[in-house]
Amino acid sequence: MQEPRLPASSLLRIYLRSFLLQASWNFEKLQNLGFLYMMLPGLRSLYGEDIPTEVLRRQGLYFNTHPYFAPLIAGTVLHLEARKLVGEDVTVDSETYKNMVMAPFAAMGDALFWGGVRPLAALVGLLVASQGSLWAPVVFLILFNLPHLLFRGGGLILGYMQELRAIETIQKCRLPDLAIRLKESSTVLIGVLCAYLSFKGCEHQSLSAVWGFVLLPVVLLFAWLAHKGVTSLLLVLLTTFSLLFMALLF
């Protein structure tokens, strides 16, 4: 018996439904209802309108991962279900696969999208806003949303086409390293933004921009304190005291 193939229309519906993954949470199984709802177009393409109860039960078990990685998991699970439908032996069933990748994908997604892409997009938007441009919100939305929109669709196709080999492909992409590079870029942009605003502030106060370089030792002192493990609370207090002192001085 030949393995059934999902039509493009079913994949499109799965992709669109992935945006509703978190629309129905529960304390016991977290995202399971959203994941099952996302999977239904694909399951109907495989089993018809009368989806076996066992299949629904199997896909309605506990599920929790990063929402942008969920289509990747869905594509792989649907391929495993298609192979199981025609009687092929699978080395890992869909339930075991989900339990195996949910947590690692959640960690990678948090680091990449929440810790990397979002802060970087926000900083670029702030740089645009500092120029007085009203396009800043649009720039932020594009820079943040375009990567995850492409990742959702690409992940769904990758999971369905490569099945378990998709894990190797994700590993080759070295997403944790990419997240670190994005965080480093955000740190650099924070420095650029702070320096730019400082110089603009000096101009507004009719002060020479040279005063910005006078504060460089203070910045280096705070960087050294952070490197030595000084607590965040103490750094906040020192920063507040420094700003108050500068306000009184100038």
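Is Glu163 buried or exposed?

## Glu163

In this predicted model, Glu163 is buried, because its relative accessible area is 9% and the cut-off for buried is under 20%. The residue lies in the loop between helix 6 (136-162) and helix 7 (165-173). Glu163 is not a glycine, yet its phi is positive, at about 55°.

## Arg174

A positive phi of about 50° is found at Arg174, which is not a glycine either. Arg174 belongs to the loop that lies between helix 7 and helix 8 (175-204). Its relative accessibility is 52%, and exposed means over 50%, so Arg174 counts as exposed.

## Helix 2 and helix 4

Two packed helices are described by the angle between their axes and the distance between the axes. For helix 2 (residues 32-47) and helix 4 (residues 70-85), the axes come within 10 Å and cross at roughly 30°. Angles under 35 degrees count as roughly parallel, so helix 2 is roughly parallel to helix 4. The crossing of these two helices is right-handed.

## Residues in the contact

Which residues of helix 2 meet helix 4? They are Phe35, Met38, Met39, Gly42, Leu43, Leu46 and Tyr47. On the side of helix 4, the residues are Ala70, Pro71, Ile73, Ala74, Val77, Leu78, Glu81, Ala82 and Leu85. Sorted by class, the contact of helix 2 with helix 4 has 14 nonpolar residues, 1 polar and 1 charged.

Note on methods:
Residues numbered from 1 in each chain as written. Predicted model: local features only at pLDDT ≥ 70, side-chain atom pairs only at ≥ 80, totals over all residues. Heavy atoms only, no water. Helix = DSSP H or I, 4+ residues; strand = E, 2+ residues; numbered from the N terminus. Buried < 20%, exposed > 50% of the residue type's maximum accessible area, 1.4 Å probe, protein only. Axes fitted to C-alpha atoms, helices over the stretch in contact; angles between N-to-C directions. Parallel < 35°, antiparallel > 145°, perpendicular 65-115°, else oblique. Left-handed = near helix turned anticlockwise from the far one by under 90°. Contact = heavy atoms within 4.5 Å. Nonpolar A, V, L, I, M, F, W, Y, C, P; charged D, E, K, R; others polar.
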